[in-house]
Structure formats: structure tokens, C-alpha cells
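These are my notebook entries on what I looked up, one topic at a time. I begin with charged side chains and then turn to helices and open space.

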Amino acid sequence: MALFITLFVTSFIVALSGAIMPGPLLTVTITESSRRGAMTGPLLIAGHAILELALVLALLMGLAPLLKMEPVFIVIALAGSAVLLWMGIGMLKSLPTMTLVTDGSHVRRKNLILSGILMSLVNPYWSIWWATIGLGYILHSMNAGTMGVVAFFTGHILGDLFWYAAVSTAIWKGRQLLSDRGYRILIGTCAACLIVFSCLFAWSGMQKLIA
């Protein structure tokens, strides 16, 4: 039992420390929570968790060497860069018409679970983390059997969920303090962040490509 608790707690802490770092998923959480509510973060993490569960199963079946290959990193980095650039530019173009006061029909009903999957998938460092740190955790957890892997994965997802739920709740509760102008500044900042992430991912991919 002590081993299961240790796996759960350490996995929770590691996941929380990673979730706090800025990235595409956090940016989308901030963007959508203003209009979609406190469930935005949990729904995005639900998609994130579905993808990570599939990846954990794939790693257990021997996928790790594939994820460590440079061509895989390059493809994910460049494709992810294109997706983030497209999203960022789209957000900037829609800024003039964005408002917090809507009748509900104005809000684009983006599927948040699918967005959680996509924002994780386009981040090349997410797959690298799982092919290295994540795989190490899985192999260590396997010493405690199937329940060890379950304890690790549960702690990992709950660490992500804790932070993203907190962010969504804070943004949703604070929306009353935002004017439309402040809201547009927030969305514009998030769009700029996505474009920056796009450039960073493209640069990372190009460095590997020309090396």
C-alpha cells in the first residue's frame, strides 16, 4: 500500500509541476473559460486523459522507441506549429467582434474534449516527455503490478485536473471584472502566445531537420 501511495503522490506532484508551465493547452483553457465556464478545464483534461491513456497502453506495448525517433519529433513539431499558427491568426481576426455579453448563439460550441486531445497531440514535447520521463515512471510502476500503473496514471491525471480546474474556475469567476475591451486584450494575448508556441515548435522541428 505504501508503494501505491508513493507512486500516486509523486506522480501527482510531477504532473502538477508540468501543468503549471505555460503551453497550448493552458492557453486554450484561459481563452475558453471566460465564456464556457468552470467546466472548461475538466473537459479539456478529459480529452487530454483519453489521449494519455491510449499512449500509456501504446508505451506498454513498445511504442517508446518510435516516439524517440527524430523524424517523429519533426513531423509533430511542424504539424503542431501549423495548427497553432492557424488558431492564433483566427483568434486575432475575430477580436473585433468578440464580447462577453452573448445570448449563447454567438459562442462557438467547440468540442472541448476534442480540443484537449488536439492541443496535447500538437505539442512535440508532450510525446517526448512520455517517451522518457513518463516511460520511466511506467516501468517503475510496473514493479507493483497493474495497480501500480493505475496509481501512477491516476495521480498524473488528477495533478493535471487540479490545476486546470482551478484555472477555469478563477477565470470564470473573474469574468465579471472584465469589460469587453479587457476580454479582447486577454484573447489577443492568448492568440499571441499560440503564435509564439507555433514559432518555437517550428524552430525546434527545423533545427532537427537541418542538423
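**Salt bridge.** I looked for salt bridges, counting a side-chain nitrogen of Lys or Arg within 4 Å of a carboxyl oxygen of Asp or Glu, and the structure holds one. I worked on a predicted model, where local features need pLDDT of at least 70 and side-chain atom pairs count only at pLDDT 80 or more, while totals for chains, interfaces and linings use all residues. Residues are numbered from 1 along each chain as its sequence is written, and side-chain values use heavy atoms, with hydrogens and water left out.

The salt bridge joins the side chains of Glu32 and Arg36, at 3.6 Å from N to O. I noted that both residues lie in helix 2, four residues apart, which is about one turn of the helix; helices here are DSSP runs of H or I with at least four residues, numbered from the N terminus. Is Glu32 buried or exposed? Glu32 counts as buried because its relative accessibility is 5%, where buried means under 20% relative accessible area, exposed over 50% and partly exposed in between, with a 1.4 Å probe and protein chains only.

**Phe8.** I then turned to Phe8, which is found in helix 1 (residues 2-20) and counts as partly exposed because its relative accessibility is 29%. Leaving aside neighbours within four places in sequence, I found Phe8 in contact with Ala151, Thr154, Gly155 and Leu158, contact meaning heavy atoms within 4.5 Å.

**Helices 5 and 7.** I looked up how helix 5 (residues 70-94) lies against helix 7 (residues 124-141), and their axes come within 8 Å and cross at roughly 150°. Axes are lines fitted to C-alpha atoms, for helices over the stretch in contact, and angles run from 0 to 180 degrees between N-to-C directions. Phe73, Ile76 and Ala77 in helix 5 meet Pro124, Tyr125, Ser127 and Ile128 in helix 7.

**Largest pocket.** A pocket is an open set of points on a 1 Å grid over the protein atoms alone, where a 1.4 Å probe fits, with protein on both sides within 12 Å along at least five of seven lines; lining residues have an atom within 4 Å of a point. I noted that 26 residues line the largest pocket, and that Gly18, Ala19, Met21, Asn123 and Trp126 lie nearest its centre. Which helix gives the most to the lining of the largest pocket? Helix 1 does, with five residues.

Key. Helices (H or I, at least four residues) and strands (E, at least two) are DSSP runs, numbered from the N terminus.
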